[in-house]
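The topics are grouped below.

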Amino acid sequence: MKESMMDILCCPMDKADLELEVDHEDEDEIVSGTLTCTECGEAYPIEEGVPNMLPPDMRDDVPA
Amino acid sequence: MGILENKARARLFYKYLSQVYDKINPFIWNEEMRTEAIGMLDIQADDRILDVGCGTGFATEGLLGHENVDEVWGLDQSPHQLEKAFAKFGRTGPVHFNMGDAERLPFATDSFDIIWSSGSIEYWPNPVRALREFRRVVKPGGQILVVGPNYPKTTIMQKVADAIMLFYDEAEADRMFNEAGLEDVRHRLMGPSYDPDVAITTVARVPGGEDEVASTPAEEPEPDMAGDRGAGSDNVEPDEEPEPDMAGDRGAGSDNVEPDEATD
C-alpha cells in the first residue's frame, strides 16, 4: 500500500485514526507492517502490500 | 434467512466458488451489463472511486476502462476472491486493495466521490446498514451504485432465491435506499437477452452537495417532500433496530409487506 492511503484509512470499528508501523518497505510501497487504532488499540496487519482491515470477528484465525 | 446471508458461510462459499467464479459469472453479469451500469454514473476526472466487494476484479476492470478513471480502491472480505484480482492488477498498482467488511468500512467520512458495488449486496446480512455506511463514506452529492440480483418472477425461482440469498425488486430497493437516507434513487433492470431482467442496478446520491442546492427549487415542487428530505436523518431508524430480520422476512413471506418495518 501507498502511505498516502493513510489519509482516508481508519479503524472499521470506531472510525478513529490509525498509527502506521512499517516493517518492510519497497520503494514507495509499504509491503508489511501494522495499522493500530489510536482509540481502541486494535491492530490491523499489512500483508504483502494489502491492509487487512477486516474487523477482528471476521478474520480467518477467529472461529466463525 | 438465505444460507449465504452469514458472512462466515459466504466466506467459506467463496473459498471454493472463487476457483470457477469468473467462468460462471458472465451468465448473470457480463461486460455489456457492466458497461451499461457504468454509464449510469457521472464519473469526473479525479473522482475517488471505491469498489465494495470487488471480488475477482471484474467490475474494477470495467471502471478502470473509463476515460476518467486512473485508479480505483477495491475492498473485499474474501482473500480467495482477492487473489484472482491480485493476479489481474498486481497487489499494488492502479487498484488500492483492502480486505474489509462492507458494513464496517475502514474509511474516514466523506472519503469517496463514488461507491460501486456489484454482486455483493446479496451477501450483506443487513443491507440498510451497509448502505448507511456507504452514505457516511461518500461525500455529500456523491453517487452510490449497487448491482444485485433482481427478485425472480416465477414461484420456483423465488423459492430457490429465498433459500440461497437476498434478492430484491425495485420497490424493495427503493425502501432500502430511502431508509439509508439516500436520494434520487433510480433503477434499471439488466441482463443478457435470454434473461433480460436478472440483475437490478440502483444509483442514488448522498444528500447535500452543490448540485442539489442549485436544483432544489426547480426539481422539488412539493414542499412536503422537500421537508421530509430535509429531515432525512429522522426517518432513519437507529442502528439498534433489528433490521437483519428484513432478509428473513423476505425468505418466509410471500409478498413485499413487512409488518415489523412499518414503524414510522
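**Charged pairs and the chain contact**

A:Glu48 counts as exposed, at 53% relative accessibility. The model is predicted. In it, the side chain of A:Glu48 forms a salt bridge with that of B:Arg91 (3.7 Å, N to O). This pair joins two chains, because A:Glu48 sits in the loop between β3 and β4 of chain A and B:Arg91 in the loop between α5 and β3 of chain B.

**Interface of chain B and chain A**

- Chain B contributes 25 residues to the contact and chain A contributes 23 residues.
- About 2100 Å² is buried between the two chains, and carbon and sulfur atoms give 61% of this area.
- On the chain B side, B:Arg91, B:Met99 and B:Arg104 lose the most area to chain A, together 30% of what that side buries.
- B:Arg91 itself is partly exposed, with a relative accessible area of 22%.
- Three salt bridges cross the interface, and A:Lys15 with B:Glu133 forms a salt bridge at 2.5 Å, N to O.
- A:Lys15, B:Glu133 and B:Arg136 are linked in a network of salt bridges.

**Salt bridges within a chain**

- Over all chains, the count comes to twelve salt bridges.
- A:Glu42 and A:Arg59 meet in a salt bridge (3.5 Å, N to O), and the pair ties together parts that are 17 residues apart in sequence.
- A:Glu42 is partly exposed at 23% relative accessibility, whereas A:Arg59 is buried at 13%.
- B:Lys139 and B:Asp113 meet in a salt bridge (3.2 Å, N to O); B:Lys139 lies in strand β5 and B:Asp113 in strand β4 of chain B, so parts 26 residues apart in sequence are tied together.
- B:Lys139 is partly exposed at 31%, and B:Asp113 is buried at 16% relative accessibility.

How values were computed. Residues are numbered from 1 along each chain as its sequence is written. Chains are lettered from A and ligands numbered from 1 in the order in which they are written. This is a predicted model: local features need pLDDT of at least 70, side-chain atom pairs count only at pLDDT 80 or more; totals for chains, interfaces and linings use all residues. Side-chain values use heavy atoms; hydrogens and water are left out. Contact means heavy atoms within 4.5 Å. Buried area is the accessible area (1.4 Å probe) that two parts lose on being put together, summed over both. A salt bridge is a side-chain nitrogen of Lys or Arg within 4 Å of a carboxyl oxygen of Asp or Glu. Helices (H or I, at least four residues) and strands (E, at least two) are DSSP runs, numbered from the N terminus. Buried means under 20% relative accessible area, exposed over 50%, partly exposed in between (1.4 Å probe, protein chains only).
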